[in-house]
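This report describes one protein chain, going from single residues to the whole fold and back again. Please keep the sequence and the 3D view open while reading.

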Amino acid sequence: MPARKKRGQISLEFMLVFGIMLLMLVYSINNASFKGGSSSAQTLQLQVLLEEKGIANVIAGAIDQVYSQGPGSKVTVYAHFDLLRDEYYLKKAFGYSLPVVNITLLGNGSPLLPAGSTGGVILVGVNQINATPVVAGTNKTAVEVGTFYPYNGTSLSLAFYPAEVPNTPHISDIPPTMKIIVQWNPDQAPSLTFNSTTGALYININPGG
């Protein structure tokens, strides 16, 4: 009898340990798959937002430098892209089926311009195709960084599309390190363009132009 009781106790303990291990396995698989609402998906969202912040700061800083130096000035900087150039991770982070990466210069005519802004604003973000980036709240998908450049237009926007969409450029065209050339050419209108061949972003500012 004692031996039989001992075997029964061991079986019960084994089942308990096995059940705990099974629950842990299910939890880890849920996290590893970036299922919506999981801690891994939330961490991924935060990492994307931090990357957006870094890129927006680089671009805004270059614009401010050119604006402070005056007409004819030109600055070249570099911004690093990691998660924002990976369509798979963007889909998992925000639950979008067709994510679009946006780099936008917002002016005083844009509804996305933060209240109280006195200059232009650089927005770097992700949105579902045919929608706009979310700039506030718990579901935030974009970051805005202000500049001193008094851009009077509505917005200058550059969109990188998912592979499933025929529009170009694509997310896969974003280089790991993007060369960004900002200039103040008073003979040209403000512009924001991307060269898919060289992987470079060109920005022209022209206060009052």
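Threonine 168 counts as exposed, because its relative accessibility of 57% is over the cut-off of 50%. The model is a predicted one, and every value below is computed from it.

**Around threonine 168**

Threonine 168 sits in the loop between β5 and β6. The peptide bond that leads from threonine 168 to proline 169 is cis, and its omega is near 0°. Proline 169 belongs to the loop between β5 and β6 (177-184) as well.

**The chain as a whole**

How many helices and strands does the protein chain have? There are three helices and eight strands. Read from the N terminus, their order is α-α-β-α-β-β-β-β-β-β-β. The protein chain has 209 residues, and 41% of them count as buried. Its accessible surface is about 11,400 Å², with 59% belonging to carbon and sulfur atoms. Contacts between residues at least 6 apart in sequence were also sorted by separation: 63% of them join residues at least 24 apart.

**Helix α3 and its ends**

Helix α3 covers residues 87-94, and its buried residues are Glu87, Leu90, Ala93 and Phe94. These residues lie on the same side of α3, because they cover an arc of only 125° around the axis. What covers the buried residues of α3 includes α2 (39-69), β2 (99-106) and β3.

Both ends of the helix can be described too. Just after α3 comes glycine 95, which takes a positive phi of about 75°.

A positive phi also occurs at asparagine 130, with a value of about 70°, although this residue is not a glycine. Asparagine 130 is located in the loop between β3 and β4 (142-146).

**Buried and exposed residues compared**

| Residue | Relative accessibility | Class |
|---|---|---|
| Isoleucine 55 | 2% | buried |
| Serine 73 | 9% | buried |
| Asparagine 127 | 3% | buried |
| Asparagine 130 | 80% | exposed |
| Threonine 168 | 57% | exposed |

Isoleucine 55 is part of helix α2. Which residues does isoleucine 55 touch, leaving aside its neighbours within four places in sequence? The contacts are with Ala79, His80, Phe81, Leu84 and Val124. For phenylalanine 81, the distance to isoleucine 55 is 7.9 Å from C-alpha to C-alpha, and the two residues are 26 apart in sequence.

Serine 73 is found in a loop, the one between α2 and β1 (74-80). With a relative accessible area of 9%, serine 73 is buried, because buried means under 20%. Apart from neighbours within four places in sequence, serine 73 is in contact with Val66, Val182, Gln183 and Trp184.

Asparagine 127 lies in strand β3, which spans residues 121-128. Is asparagine 127 buried or exposed? At 3% relative accessibility, asparagine 127 is buried. A polar atom of its side chain lies 3.1 Å from the backbone oxygen of alanine 131. Not counting residues up to four places away in sequence, asparagine 127 touches Tyr96, Leu98, Pro99, Val100, Asn102, Thr132 and Pro133.

Asparagine 127 also takes part in the lining of the largest pocket. Rolling a probe the size of a water molecule over the atoms shows where empty space is left. The largest pocket holds about 230 Å³ of space. Two or more residues of its lining come from each of β2, β3 and β5 (155-160). The lining consists of 19 residues, and those nearest the centre of the pocket are Asn102, Asn127, Ala131, Pro133 and Ser157. Which element gives the most to this lining? Strand β2 does, with four residues.

How values were computed. Residues numbered from 1 in each chain as written. Heavy atoms only, no water. Buried < 20%, exposed > 50% of the residue type's maximum accessible area, 1.4 Å probe, protein only. Contact = heavy atoms within 4.5 Å. Areas by Shrake-Rupley, 256 points an atom, 1.4 Å probe, with all protein chains shown as cover. Polar contact = N/O pair within 3.5 Å; in protein donor to acceptor, adjacent residues only side chain to side chain. Arc of directions from axis to C-beta. 1 Å grid on protein atoms, 1.4 Å probe; cavity = no way out; pocket = protein on both sides within 12 Å on 5 of 7 lines; lining within 4 Å. Points joined across faces, edges and corners; volume = space filled by probe spheres on them.
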